[in-house]
Amino acid sequence: MSFLANASRSPATFAMNASAASIPHDAHGHHGPVLQYQPGLPLSRGKLIMWLFLSTEIMFFAALLGSYVVLRFGAAVWPKPHHVHLSEPIGAFNTFVLICSSVTVVLALEAARANKRSLAKIWMLATLVLGAFFLGIKAYEYSAKFSHGIYPAAPRGLIYERPDLYYGSAVRARLSDPAIIEQMKELDARPESELTAAELTGRRRLAQVREMAMAADQQAFDLAVIADQVMPLADDAAGGHGHGGGLNETFSWLQLPIVIPGGNMWASTYFLLTGFHAIHVIVGLIVFGILLLYELGPKHAGMIENAGLYWHFVDLVWIFLFPLLYLF
Amino acid sequence: MSTPSPNESTASHGPVTEPGSLVESQAGGGSTSADHPAGHGDEDHGGLGLYLAVFGALCFLTTMSFFTYSSYWPWRDEPQVGWAFMMAVSCTKALLVVLFFMHVLWEANWKYVLTIPAAMMAIFLAIMLIPDIGLRNRMVAQERALHMARPADLLLLEQAASAAEGEPHHADDHDH
């Protein structure tokens with residue numbers, strides 16, 4: 001009971017309300033207390049509903065984050081951030097952008113409460129721009145994954161878990177694709193003077209890979225060499241041989257299958273987590289866009305507060321997503 | 001605690017409200033603004049200085065968790081140290097956002113009703129996943145084990161990479 005009662009409305013008030021019917025007179029024989037309805041929770045309806053919604057959101061993201069952590073630590077192999085072309089500085093910068101947007105929405109609320117309408121509008125607009133900026137960076141990151149053949153699912157995803165016979169046959173199948181054969185013929189026909197240094201090296205390596213992939217007696221190590229040539233796993237010391245791309249990067253049409261141990265599960269969780277977060281960001285941006293249509297004075301401070309609560313929650317989720325996805 | 005108006009007896013009851021008047025308006029000096037629910041003159045907490053201080057702290061903490069990625073981080077060989085550190089940093093950041101930006105610090109006690117059960121459910125949910133999903137690789141069918149990535153694959157790929165590293169990048173026709 002006292003849990004629900006605000007400090008200024010003491011538990012006694014609450015108890016009185018509950019037992020009022022049975023106490024017609026107070027101790028001094030005066031008239032009975034005049035009762036008045038009091039809401040159960042000392043906050044506005046909109047805010048209450050927003051908080052109830054947020055508590056369901058806590059569980060929603062807890063389920064996603066919890067499954068990610070459990071999947072990640074239960075996996076025999078999990079790719080390092082470099083293996084999947086995650087850039088920590090970009091992630092950290094995105095965190096910074098989102099924190100900035102959290103500050104601007106708080107300042108918009110303060111300004112609206114102080115009836116500084118145009119200032120509130122400026123802060124709100126800044127929030128909208130920062131949120132859109134966050135999404136833009138995210139889109140850039142997604143496109144970097146896609147260009148490496150890292151998709152969450154099969155038809156476009158090129159990820160194989162191990163350099164085994166299945167991988168070898170997938171490489172063979174791709175190299176036997178008539179369209180690819182055509183492209184490779186074209187590449188072979190081009191004079192050396194036309195090719196860049198990377199393309200020249202790539203052409204030589206592609207010839208090796210073709211030879212190895214089509215060979216009758218492949219060892220496990222040969223398949224690992226093919227995988228390394230197609231898309232090397234970058235090692236921890238960034239800037240090493242890894243970031244120099246592989247055949248897939250040199251020739252964007254090639255799209256040979258790649259090997260990232262644990263990469264499929266990684267892609268599923270990464271895109272699910274960041275995707276749901278991005279959806280929340282988009283919803284937040286729509287809300288801010290709608291709010292911008294209003295006069296942002298004290299009258300609408302409640303709306304700004306509720307939208308802000310939601311936005312801070314989105315920020316909160318990213319605070320956990322960033323280290324879990326980029327730094328673990 | 002609210003101060004009752006002097007003409008009312010409060011021997012056995014709490015403050016008694018007059019018709020049409022709210023309890024808040026009777027609350028006297030004993031009630032601080034922090035106890036107030038949202039509504040009246042309670043939005044004077046916060047302020048630009050405080051928000052900027054929180055913002056600075058958040059930026060500093062983000063830099064701290066990013067620091068684990070830098071080469072100056074002393075525990076690069078023990079990732080668990082970094083993980084624990086980053087989770088501590090994240091929880092601190094989350095707490096700062098919730099307390100100050102979401103104004104929870106200044107809210108009444110209802111905040112516990114909503115947040116504590118949700119947090120407990122969240123933790124319980126994650127723990128429930130451990131036996132079936134976290135420990136899924138303890139026992140797997142042979143067929144599945146055949147296709148699963150394993151640390152040996154990573155090793156093999158690293159060896160292949162260092163073999164490629166060993167040879168000059170531009171010119172030679174030697175395979176592996």
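Among contacts in chain A between residues at least 6 apart in sequence, what percentage join residues at least 24 apart? The share is 77%, where a contact means heavy atoms within 4.5 Å.

The model is predicted, so local features need pLDDT of at least 70 and side-chain atom pairs count only at pLDDT 80 or more, while totals for chains, interfaces and linings use all residues. Residues are numbered from 1 along each chain as its sequence is written, chains are lettered from A and ligands numbered from 1 in the order in which they are written, and side-chain values use heavy atoms, with hydrogens and water left out.

Chain A holds 11 helices and two strands. These are DSSP runs numbered from the N terminus (helices: H or I, at least four residues; strands: E, at least two). Their order from the N terminus is α-α-α-α-β-α-α-α-α-α-β-α-α. Of the 328 residues of chain A, 53% are buried. Buried means under 20% relative accessible area, exposed over 50%, and partly exposed in between (1.4 Å probe, protein chains only). The accessible surface of chain A is about 13,900 Å², by the Shrake-Rupley method with a 1.4 Å probe. Carbon and sulfur atoms make up 65% of that surface.

Over all chains, the structure contains 31 aromatic pairs. Rings of Phe, Tyr and Trp (its six-membered ring) pair if their centres lie within 6.5 Å; planes under 30 degrees apart count as stacked, over 60 as edge-to-face and the rest as tilted. A:F53 and A:Y310 are stacked, at 6.3 Å centre to centre and 25° between the planes. This pair links distant parts of the chain: A:F53 lies in α2 (residues 45-74) and A:Y310 in α11 (residues 301-327), 257 residues apart. A:F53 is partly exposed at 35% relative accessible area, whereas A:Y310 is buried at 7%. In chain B, the ring centres of B:F100 and B:W106 are 6.1 Å apart with planes at 70°, so this pair is edge-to-face. B:F100 is buried at 16%, and B:W106 is buried at 15%.

Ring pairs also join A:Y142, A:F146, A:Y151, A:W266, A:Y270 and A:F271 into a cluster. A:R72 sits over the face of A:F73, 4.7 Å from the ring centre. Such a charge has NZ of Lys or CZ of Arg within 6 Å of the ring centre and within 35 degrees of the ring normal.

A:N115 is partly exposed at 40%. A:Q255 is partly exposed at 44%.
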